[in-house]
Amino acid sequence: MLEVSIVKRLGDFDLDAEFACETHGVVALFGRSGVGKTTVVNALAGLVRPDSGRIAINGTTLFDSSQGIDVPPERRRIGYVFQEARLFPHYSVRGNLRYGLRRAPRGEGAIDFSHVVELLGLEGLLHRRPRDLSGGERQRVALGRALLANPRVLLMDEPLASLDQPRKDEILPFIERLRDDLQVPIVYVSHAMDEIIRLADTLVLMNAGHVAAAGPVEDLTGRLDLRPLTGRYEAGAALPAAVVGHEREYGLTQLGFAGGVLRVPALDLPIGAQLRVRIRARDVALALRPPEECSILNVFQGTVAEVGEDGGALVDLRLDVGDAPLWARITAKSLAELGLCPGRKVFAMVKAVAVDRHSLGRRAANARFVPAGASLPPDAGSGD
Amino acid sequence: MFALSDLEAEALTLSLQVSIWAVGIGLPAALFVAWLLARREFPGKTLLNGLVHLPLVLPPVVVGYALLLLFGRNGPIGAWLDSAFGLTVAFTWQGAALAAAVMAFPLMVRAIRLSIEAVDTRLESAARTLGAGRAEVFFTVTLPLTAPGILVGAILGFARSLGEFGATITFVSNIPGETRTLPLALYSLVQTPEGEAGALRLAAISVILALAALAGSELLARQLKARVGG
């Protein structure tokens, strides 16, 4: 359990952040630049001292202004992966990795040096100097260095922000491995929703120095009132899903979710694999009658639950499809011409190609979603 | 031609001895003061900064005279050193080393301070999240990354000490074999009729010494730079 309740004044900026969440899996701290995300993680690490408040992790108080507790950073055992890797230039990669290891408490939960080297693919880099590494390699070394200090929690402050897309794609699987294989609790700061969908289970949404909301990613990304914070262009529903089958001949994978079966381009995952799928509102089209002779594979019958008030040319609608919420973004013109209002039956169409790898996230190992509403198609067992 | 006379050898050895001691005493203190000025905020910081730089702007004779007042046999510090440790610095080579150290101090502090300020504090905070306490961070991160600056400070201080004249002659006088360093010996020869040839030889020795120190520091600096990865 991570409990944060801190007040900090920095010049004109007031931070007054309060949230509590479970520490298993990935907790994402999300918000625009300058809302105070970094200040919160710096306070967690002990690098910034709050004016008042309390920070506790799994029952251990790290900071409490009323009791005069302020554990120094070196005794907090909170790993920190910074946006810039911050490797020590006067040590080799091995020296950097061993820096935290030498000072880590031995015993319970300690991670083996060779295990981390293997997990992060660092074998070939051990003798190199930080200046001879690429941006992605540096970030991998920084991950390993933080891990080897045997932290209670790993903080990551936009670890991918200074990398280009290919480098991001290179690092993300490693972060997934930390989460799934090592089960290190991670607090992940980002302003990129696709990273959060892919990695996080819990979302802490920040706005102007405050925590606007905290809860499961699926719940928060589906809330209309939080739409201005979760991002308009990226808006959509994040749904728990599971792989229920593969259609090998067409290169498709079937994902069962509470609203039915979604066909997406083939995923290299076993049946039963737990996923989080984001279906962006702009990728959902609506029809009043079931479309015929149409290229779109995914058609779901549902009901309009809520019509967002925007006033612009575009309108967001929340649909109930089975037990799952789905978002559709259509023009105000279509809304008027189709006469859509809450309670109206509609058919929602989702292009299979709209669900790409950036819309998919592996869920934490302990998450179990059984697609109750989804009937397994007869060929579901033809996969692996 | 290049065989040193006894007088020359004496002055050279004394100069080296005084300069090495001056840097030896001055450098750790300069490192501490440089760190204070670069990394800490405290009341009186401006005052300390001014005090450290005083020898750089004052006439050396004034510094020597101040040392004489403080460290002379009857001065407050001199009397205490004498009674507590039986150490006399006025008119001894130890006094010459002290005078050289004081004169070289601002140069050493400046060089080291600049290089401490150039060390990214973000590396220091990263080290703390990895379990290193303040002192450990200083010795494993700050100090190694400051090494090139410390070397520059040491060389500057050494060169300044070799050339020290005004404060030395005021504080510890010009005693052959005790406080007559190279510049003082050179000065004495210039004052003597027909001492010009000897003065020229001493001048040449000074030049060679200075060049050797510079070359040595350049070599060390390159090695350090390669290790630190600048």
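Q: In what sense do strands β17 and β18 of chain A pair, and over how many bridges?

A: Strands of a sheet pair through backbone hydrogen bonds, either parallel or antiparallel. In this predicted model, β17 (residues 298–307) and β18 (residues 314–321) of chain A are antiparallel partners, joined over four bridges. Within the pair, A:Val304 is found opposite A:Leu319 of β18(A).

Q: What is the order of the strands in the open sheet of chain A?

A: The order is β16-β20-β17-β18-β19, five strands with antiparallel pairing.

Q: Where does UniProt place the feature "transmembrane region" in chain B?

A: The unreviewed UniProt entry puts it at residues 20–38, 50–71, 91–116, 137–159 and 199–221 of chain B. For residues 199–221 of chain B, the model gives 100% helix and 0% strand, with end C-alpha atoms 33 Å apart. Residues 50–71 of chain B are 91% helix and 0% strand, and their end C-alpha atoms lie 21 Å apart.

Q: Which residues make the nonpolar surface patch of about 510 Å²?

A: The patch consists of B:Leu51, B:Leu54, B:Leu56, B:Val57, B:Leu58 and B:Val62. Helix α2 (residues 45–57) of chain B gives the largest share, four residues.

Q: Why is B:Leu54 classed as partly exposed?

A: B:Leu54 belongs to helix α2 of chain B. The class runs between 20% and 50% relative accessible area, and B:Leu54 is partly exposed because its value is 36%.

Definitions and conventions: Residues numbered from 1 in each chain as written. Chains lettered and ligands numbered in written order. Predicted model: local features only at pLDDT ≥ 70, side-chain atom pairs only at ≥ 80, totals over all residues. Heavy atoms only, no water. UniProt positions renumbered as here; feature names shortened; annotations may be inferred. Helix = DSSP H or I, 4+ residues; strand = E, 2+ residues; numbered from the N terminus. Patch = residues over 30% accessible without salt bridge, like charges linked within 9 Å, V, L, I, M, F, W, Y side chains within 5 Å. Areas by Shrake-Rupley, 256 points an atom, 1.4 Å probe, with all protein chains shown as cover. Salt bridge = Lys/Arg side-chain N within 4 Å of Asp/Glu carboxyl O. Buried < 20%, exposed > 50% of the residue type's maximum accessible area, 1.4 Å probe, protein only. Pairing = 2+ DSSP bridges.
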